[in-house]
Amino acid sequence: MEENRRVCKDRNATALCLYEILKQESDAKHPLTSAEMISFLAERYGIEANRNTVGRTLDTLRKLGFPVSAREDSRSGAYIEKRDFEPIELRWMTDSIRSSKFLTEKYAEDICEKIEQLQSRHFRGSAQRGGTHNQNQQFSYSMENIDCAVKEGRRVTFTYCAMDYDKKLYSIGEPFEVIPLHIFLSGHQYYFLAYNIALGALRHYRLDRIKELQILEKVHPEDGRIRRQYYLEAERYTLEHPHMYGGTPVTVTLKMPRSLAGAVYGTFGKGAEMEPIDETYMFVRVKAAEEGMRFFALQYGPNCEVIRPASLRQQVKADIEKMMETYR
C-alpha cells in the first residue's frame, strides 16, 4: 500500500479522500466498515480518524448530495449507492472493446482499465481476453487526423497496406491522395469513404490498413463542390456495399428461406425488401454492389439463389462450378 499513500495535511480534505476510498473499494456487495475506512484514510492519505470522524464525514457527504449509503448506522458498512454506469453496462463496454478488431491489444486493455475504474476494484469484466487485434500502431493517429481533415476541408495522403503470411503490413503501390468524406464502422472494422483524386471516383479504405497519413496544407476550392456532389450517408453506403466490396449498386433479387429473414435484416437493415413466396420461401430485393452480393450469396450456399441480375447469377454459378472442380 506504501506506493499508493499520499499524505494529506489538510484535514478539510477528509470528505474528499473518504469519498475516493468508497469509490475505489466499495459497492453494495462490499460495504466498508468504520474500521476499514479509518485504516484506508491512514494508509493512503496519512489522515488520522476515528469512528466519530467517519460518521460525521459520511453525513456531510450525504447532505452535499453524494450517493453514499446510510447503512453505516446499522454496522453493515457504507458504500457508493449509485454510479454513472451499472456493472452490466461497463461489462458491455469492456467486452466490446476487448473483442474489437480495429484496436491493438495493448490499446484495448488500456481503455478497459480506465473504464473499470468507474466501478469499485471488485468489478472485473469477464470478457474473453486476446482475440484478433489490429497490428497497426498508427490506427488512432490516422482516425484522429482524418476527422480533422474532414472538419477543415483538407485533402490527405497515405500509404495503403496489405497483410502477408507473416502477419505484417506491407505497402501496396504509391501513396493515395484523397478528399476524405466519412468515417464509419462496418463488420467490426473502421473504414473511411473518400474521393480518390487520381481515379476520379469514390473509394473506401480500412483504417487499420493505413500508414503515413498526412493532412495537406493546400486548400483546393473545387473540393467543396466535389464534397457536395459525392456526399453520402455512411449507413446507406455500407448497406449498398456488403462485405465492403466496391462497385456501383444495382437492384438484386434473391430467393431465400423465410427463416433467414433475421439474417437478411441484420445485413441490410430497412434497405432489404422481403416478399413471401409461400410458407417456406421469400424474395429478397436489395440495392447493392454486385461483388458484395456475390459473396453474400456464396455465404448462404443452397439457401440463397440469385434470381436477378443475370450477370450476378452467372458469376455465382461459375464460382460454384469452380468449387466443385477444386473439391473433386
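**Salt bridges in close-up**

View 1. Lys 23 and Glu 20 both belong to helix α1 (residues 14–25), where they stand three residues apart, about one turn of the helix. Helices (H or I, at least four residues) and strands (E, at least two) are DSSP runs, numbered from the N terminus. The two side chains meet in a salt bridge at 3.6 Å, N to O; the term means a side-chain nitrogen of Lys or Arg within 4 Å of a carboxyl oxygen of Asp or Glu. Lys 23 is partly exposed at 30% relative accessible area, and Glu 20 is partly exposed at 26%. Buried means under 20% relative accessible area, exposed over 50%, and partly exposed in between (1.4 Å probe, protein chains only).

The model is predicted: local features need pLDDT of at least 70, side-chain atom pairs count only at pLDDT 80 or more, and totals for chains, interfaces and linings use all residues. Residues are numbered from 1 along each chain as its sequence is written, and side-chain values use heavy atoms, leaving out hydrogens and water.

**View 2. Arg 285 and Glu 273.** A salt bridge of 3.7 Å, N to O, joins these side chains. The pair links distant parts of the chain, with Arg 285 in strand β9 (residues 281–289) and Glu 273 in strand β8 (residues 273–276), 12 residues apart.

**View 3. Asp 319 and Arg 294.** Here the salt bridge spans 2.7 Å, N to O. Asp 319 counts as buried at 10% relative accessibility, as does Arg 294 at 17%.

**View 4. A network.** Salt bridges link Arg 155, Glu 177, Glu 222 and Asp 223 in a network.
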